[in-house]
Amino acid sequence: MEKINNVTEFIFWGLSQNLEVEEVCFVVFSFFYTVILLGNLLIMLTIYRGKLFKSPMYFFLSYLSFVDICYSSVTAPKMIVDLLAKSKTISYVGCMLQLFGVHFFGCTEIFILTVMAYDRYVAICKPLHYTTIMGCDRCNKMLLGTWIGGFLHSIIQVALVVPLPFCGPNEIDHYFCDIHPVLKLACTDTYIVGVVVTANSGTIALGSFVILIISYTIILVSLRKHSAESRRKALSTCGSHIAVVIIFFGPCTFMYMRPDTTFSEDKMVAVFYTIITPMLNPLIYTLRNAEVKNAMKRLWGKKVFPEANGK
């Protein structure tokens with residue numbers, strides 16, 4: 001059957017149809033996006049200038065911050081501009097690119113969080129073999145694997161959508177192009193595609209979440225054999241990771257571990273994993289990590305008070 005595609009652009013409904021609410025949202029989300037950029041850039045700069053990237057944990061944390069910036073930048077700028085726009089449109093090609101970007105960086109973030117959990121597992125449960133297991137070469141290979149995994153996942157998602165015919169409705173009840181709202185507009189039966197999409201996204205989300213839960217359970221059990229000081233340091237670090245995992249995976253599980261359906265709550269849930277989580281990551285890792293805080297103090301102490309530090 002020949003593909004029929006009369007749709008050259010899509011129209012977003014946005015977060016709200018109320019002008020006053022949209023103006024408030026413009027201010028709030030502009031602030032949130034600024035925090036995302038500055039907070040994650042600060043972590044990356046601190047890790048690089050403080051030479052913390054030699055530690056696998058901070059090596060992966062720096063790339064998590066980079067992915068957070070990219071992930072939120074796929075949707076946030078367009079959404080913020082649309083809050084004050086009369087017509088919230090995006091081209092068909094732009095929609096497909098946004099769909100690719102959301103799933104590419106979102107899936108890459110899931111894999112990086114999983115690798116970070118593995119790093120903590122090795123550090124706490126196999127400390128004598130840590131430097132051997134988490135060597136520089138292996139860390140680079142695991143990082144490459146996260147990018148390849150994210151790319152393959154997003155390519156599958158886009159490859160399932162591009163062949164579909166769009167010949168009528170072009171209004172998306174969302175603020176960005178996500179898989180379920182877009183499938184809803186296709187003028188053909190998308191049941192099989194929806195099942196494959198759910199299996200693809202659901203397997204990654206649920207599989208990674210189960211691995212993370214098992215990893216942190218083993219870590220917490222093994223901490224009983226450590227000293228009180230070691231437990232405190234380990235719990236401080238792992239607590240940050242667990243907080244991020246819950247905030248990120250909760251909304252993702254709600255969105256993608258279900259059949260091809262849409263709910264009115266989807267937009268607000270999506271805000272959590274596209275904007276709130278990337279904004280909270282720098283705060284969580286900074287406030288709960290003494291080493292990062294000390295590195296920031298040393299770095300910015302030199303910048304702000306160079307003469308005092310030189311004495």
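How do the residues of the lining of the second largest cavity divide into nonpolar, polar and charged? They divide into five nonpolar, one polar and two charged, where Ala, Val, Leu, Ile, Met, Phe, Trp, Tyr, Cys and Pro count as nonpolar, Asp, Glu, Lys and Arg as charged, and the others, Gly among them, as polar. Please keep in mind that this is a predicted model, in which local features need pLDDT of at least 70 and side-chain atom pairs count only at pLDDT 80 or more, while totals for chains, interfaces and linings use all residues. Residues are numbered from 1 along each chain as its sequence is written, and side-chain values use heavy atoms, with hydrogens and water left out.

**Overall layout**

- The protein chain holds eleven helices and three strands; these are DSSP runs numbered from the N terminus, with helices being H or I of at least four residues and strands E of at least two.
- Along the sequence, the order of elements is β-α-α-β-α-α-α-β-α-α-α-α-α-α.
- Of the 311 residues in the protein chain, 49% are buried, meaning under 20% relative accessible area, with exposed being over 50% and partly exposed in between (1.4 Å probe, protein chains only).

**Cavities**

- Searching the whole structure turns up two cavities of 30 Å³ or more.
- A cavity here is a set of points, on a 1 Å grid over the protein atoms alone, where a 1.4 Å probe fits but cannot get out, and lining residues have an atom within 4 Å of a point.
- Grid points are joined across faces, edges and corners, and a volume is the space filled by probe spheres set on the points.
- The largest cavity contains about 150 Å³ of space, and 14 residues line it, with His 103, Cys 107, Ile 110, His 153 and Tyr 256 nearest its centre.
- Helix 3 (92-125), helix 7 (191-222) and helix 8 (228-256) are the elements that give two or more residues to the lining of the largest cavity.
- Helix 3 supplies the largest share of that lining, five residues.

**Aromatic pairs**

- The count of aromatic pairs comes to 17, taking rings of Phe, Tyr and Trp (its six-membered ring) whose centres lie within 6.5 Å; planes under 30 degrees apart count as stacked, over 60 as edge-to-face and the rest as tilted.
- Tyr 71 and Phe 248 make an edge-to-face pair, at 6.4 Å centre to centre with 65° between the planes.
- This pair links distant parts of the chain, since Tyr 71 sits in helix 2 (residues 56-82) and Phe 248 in helix 8, 177 residues apart.
- Both Tyr 71 and Phe 248 are buried.
- Tyr 118 and Tyr 121 form a tilted pair, because their ring centres are 6.3 Å apart and their planes lie at 35°.
- Tyr 118 is partly exposed at 34% relative accessibility, and Tyr 121 is partly exposed at 22%.
- Phe 66, Phe 100, Phe 104, Phe 105, Trp 147 and Phe 151 are joined into a cluster by ring pairs.

**Helix 2**

- Helix 2 is largely enclosed by the rest of the structure, because 20 of its 27 residues are buried.
- A kink of about 45° lies at Ser 73 in helix 2, shortly before the proline Pro 77; the bend at a residue is the angle between axes fitted to the seven residues ending there and the seven starting there.

How values were computed. On a 1 Å grid over the protein atoms alone, a cavity is a set of points where a 1.4 Å probe fits but cannot get out, and a pocket is an open set with protein on both sides within 12 Å along at least five of seven lines; lining residues have an atom within 4 Å of a point.
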